Amino acid sequence: MTTLHFAQSLRELVGGVEVVLSDIWGVVHNGLESFPEACEALHTYRSHGGTVILITNAPRPADSVQRQLRKLGVADETYDAIVSSGDLTRLYVAEHPGRKMFWLGPERDNSIYRGLDATTAPLEEADYIVCTGLYDDETETAEDYRGMMLKARERKLTLVCANPDIVVERGDRLIYCAGAIAELYRELGGEVIFYGKPHRPIYERAMALAGERQGHPIDRKKVLAIGDSVRTDLTGAREFGIDCLFVTRGIHAEEFEGLDQLDPKSVLELFGHPPKALMRELKW
C-alpha cells in the first residue's frame, strides 16, 4: 500500500479493536500541556469496553510517568496501564546485582534506580552505562558526549539506553533524548541495548497487561497502536505485527505539511510502509 488514509476520528478505526497501545508524548501531551481531545478520545474508547495501554519511552518507572500525567491534567481514567522503557531498564539493573553502573542523565530521572540494589560509579570504574538522557537537554546535543563515548568504547562498556527516542517535543521545540547518545555510541562501535519502542520487549509487556485486563490473550489483529514517530511508533508497530494510527501534529509536523498531496514514491520515502491511517491530532 502506497496511498494514505486520512481519518477524521478514532471511532472510524476501532471497530473490532480490543486494545489501543498509545504513545504519550506528542499524542496525549507535548511536555508542557495535555491535549484534551486526545484524552477524551481514549477515555471514550475505554467506556465502550476497549483497553488502553500507554507505552512510552520515558526513562522513568510507570508511577513516575503517572505523576507527570496528573500534573499535566491527564486523568487516570484515560488509560488502564502504563508501560515505560524505564520499567524495562530497571529490570536489567535488577538482574545485574553487584555490577557497577555509570548513570548518564539528568537528576530528574533518578527514579530509574530507586529502590534497586544498584551501585553507581564513575565511568572509569563502571561495568556498564545506563543512559536516560543528556545532563542538560536544553543546551546540549549528542556531540557534546563524543569524548565520553570514545572512553566508554575503549573500555568496551555496554550502554543500556532507557529512552530510544532521538528527539521529543517540549512545547514548540525539539529536544534531544538518550537515543541520540546511544546512536552515536553505536556509530562509534559501542554495544547498545535499547529498551522501549521500536523494540519488541515493551510491546510484549503491554500485550501481557492488556490480556490481563481483557481476561484472555489478545489477537494482534485486534490491536491499534497510536504514535507520532516514524522511527519508534510506526516501525515498532509494523515489526510487532499490529496496525498503527499516525498522528502528524508531533515531532514530524513540519515534514507533513501538504501530506495529502504526496505521490506514492514520496509516501514510501517518508514512511516506508504507510500506517493504517493518519490524523493530525487524536480525537474521538
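Helices (H or I, at least four residues) and strands (E, at least two) are DSSP runs numbered from the N terminus. Residues are numbered from 1 along each chain as its sequence is written. Because the model is predicted, local features need pLDDT of at least 70 and side-chain atom pairs count only at pLDDT 80 or more, while totals for chains, interfaces and linings use all residues, and side-chain values use heavy atoms, with hydrogens and water left out.

Strand β1 is joined by 4 bridges to strand β2 (residues 51-56), and the two run parallel; strands are taken as paired if DSSP finds at least two bridges between them. Within this pairing, I53 of β2 is the bridge partner of L21. Strand β11 (residues 223-227) is likewise parallel to β1 and joined to it by 4 bridges, with I226 of β11 opposite S22. Together with helix α1 (residues 36-47), β1 and β2 form a right-handed β-α-β unit. Right-handed here means that, with the strands pointing away from the viewer, the path from the first strand over the helix to the second runs clockwise.

Helix α3 (residues 85-94) is largely enclosed by the rest of the structure, because 7 of its 10 residues are buried. The buried residues in α3 are S85, G86, L88, T89, R90, Y92 and V93.

The whole structure contains 16 salt bridges, each defined by a side-chain nitrogen of Lys or Arg within 4 Å of a carboxyl oxygen of Asp or Glu. One of them joins E37 to K283, with the closest N and O atoms 3.9 Å apart. This pair links distant parts of the chain, E37 lying in helix α1 and K283 in the segment after β13 (277-279), 246 residues apart. E37 is partly exposed at 40% relative accessible area, and K283 is partly exposed at 30%.

A further salt bridge connects D243 and K276, whose closest N and O atoms are 4.0 Å apart. D243 belongs to strand β12 (residues 243-247) and K276 to the loop between α8 (264-271) and β13, 33 residues apart. In R146 and E143, the corresponding distance is 2.8 Å. A network of salt bridges links D23, K197 and D233.

Technical notes:
Buried < 20%, exposed > 50% of the residue type's maximum accessible area, 1.4 Å probe, protein only.
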